[in-house]
Amino acid sequence: MRAEISGGRVELVEAHRFPNRPVSVAGTLHWDVLGLYSQMLDGLRQAGPVESIGIDSWAVDYGLLDGDGRLIGNPVHYRDARTSGYTERLDADRYEVNGLQFLPFNTLYQLLEDRLDRAETLLMIPDLFAYWLTGVRGAELTNASTTGLFDVARRDWALPLIDRLGLPARIFPEISEPGSVVGPVTAELGFDTVVTRVASHDTASAVAAVPARTPDFAYISCGTWSLVGVELDSPVLSEESRAANFTNEAGIDGTIRYLRNVMGLWILQECLRAWGESDLEGLLQAAAHAKPGQMTIDPDDPAFLPPGDMPSRITAYCERTGQPAPADKPQAVRCILESLALAYQRAISDAARLSGREIDVVHLVGGGARNALLCQLTADATGLPVVAGPVEAAALGNVLVQARARGLAGDLREFVRRSQPLRTYHPGGGLV
């Protein structure tokens, strides 16, 4: 995405889009980072010249460099089964340090399953690409905070925890705040520019672009995953918070993203893939007229995490829980979206109770903001207005942090409100 800043507004232009296809090799699911980097270079050449580049991505996954700065194997995908044996009880005594929701694929558990004898540097995925572009190694705050090896109160690596787990402290590079410059690009792009560290966890960038007017909001960053929570000034590290499986991740400007990971549109995406269905809009229209409340699933059930035949898993879940299975595709879509809306309601209610934050509006950003049925069902489930948009929230948060670092932007959320179309859904507003 190329961004142009002018007159207190930001405009995004898509420069290059390409698929991100994991690859299974010898029973292990990997990211094709070399393919991604090649496509990234093509996209940058098409987008340029630009004054600055910022990189954000998903969390928890990483690359390991040897002493010569070479990548030791393709990074493993968080959906790989290598950490499936870890249980929540192993994380109970760490919550007061890392403040993280238990997820078996957190970086901490991946590292415990990895071979680290040759490793000299750990780089989260955006930091790896920044290193290849500039030759500069380092870690960015928001993505570091997703590893389980970060002290969320001190906002730095949790070195006593790292030592207690037997992990080598040498591999963890210095952490930098969003807005700092990594260095000039040394890769051949055909123009001179720099890489600026942004909120490199895509959710942190998306939350930075939430167009809220007051602090009394909840957010849903909705894509493959849904990240549901509130923005706070300090972490919530209580036993009640840990038992509720809430996470405290670092945001920009000293904030904490207090949230719960909820499965997102992944379940719907996998159903569409299994059905060979391309007419999502037609399915959503049919689902809007399907009979409501016929069956629900728990989107966070481990059965729905791996790729595969998702419709059969929904049927099996309904049978296992004594419910009728969806009779057709529209009913299955209705089931998925109603279940997500109910999961959002639970997460928002818990976030408000555990943090003490009053909530009067829900901001739904990311790809899910295009899904009118999901937005309306969420308004109905929460009893709160849902403001949908921006769709490209992560990209907006990314470029606005870069712009502010260069003195081109002040209030990031005001920039978003001026620049992006927003739609509000009210409880009981009807399904369109």
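Buried, in these notes, means under 20% relative accessible area, exposed means over 50%, and partly exposed is in between (1.4 Å probe, protein chains only).

I am working on a predicted model, where local features need pLDDT of at least 70, side-chain atom pairs count only at pLDDT 80 or more, and totals for chains, interfaces and linings use all residues. Residues are numbered from 1 along each chain as its sequence is written, and side-chain values use heavy atoms, with hydrogens and water left out.

**Helix α15**

I began with α15, residues 412-419. Helices here are DSSP runs (H or I, at least four residues), strands likewise (E, at least two), both numbered from the N terminus. I looked up how covered α15 is: 6 of its 8 residues are buried. They are L412, R413, F415, V416, R417 and S419. The list holds β1 (2-6), β2 (9-13), α7 (202-208), β14 (217-222), β15 (225-232) and α14 (393-405).

At the start of the helix I found a side-chain oxygen of D411 within 3.1 Å of the backbone nitrogen of R413.

**Salt bridges**

I count a salt bridge when a side-chain nitrogen of Lys or Arg lies within 4 Å of a carboxyl oxygen of Asp or Glu. The structure has 24 of them.

An α-helix has 3.6 residues a turn, so residues three or four places apart point the same way. I noted E414 as partly exposed at 24% relative accessible area, and R418 as partly exposed at 41%.

Next I went to E240 and R353, whose closest N and O atoms are 2.7 Å apart in a salt bridge. This pair links distant parts of the chain, with E240 in α8 (239-243) and R353 in α12 (329-355), 113 residues apart. E240 is partly exposed at 49%, and R353 is partly exposed at 47%.

I also looked at E4 and R2, which form a salt bridge at 3.5 Å, N to O. E4 is partly exposed at 40%, R2 partly exposed at 26%.

Over residues 218-405 I read 46% helix and 18% strand, with the end C-alpha atoms 27 Å apart.

Key: Contact = heavy atoms within 4.5 Å. Polar contact = N/O pair within 3.5 Å; in protein donor to acceptor, adjacent residues only side chain to side chain.
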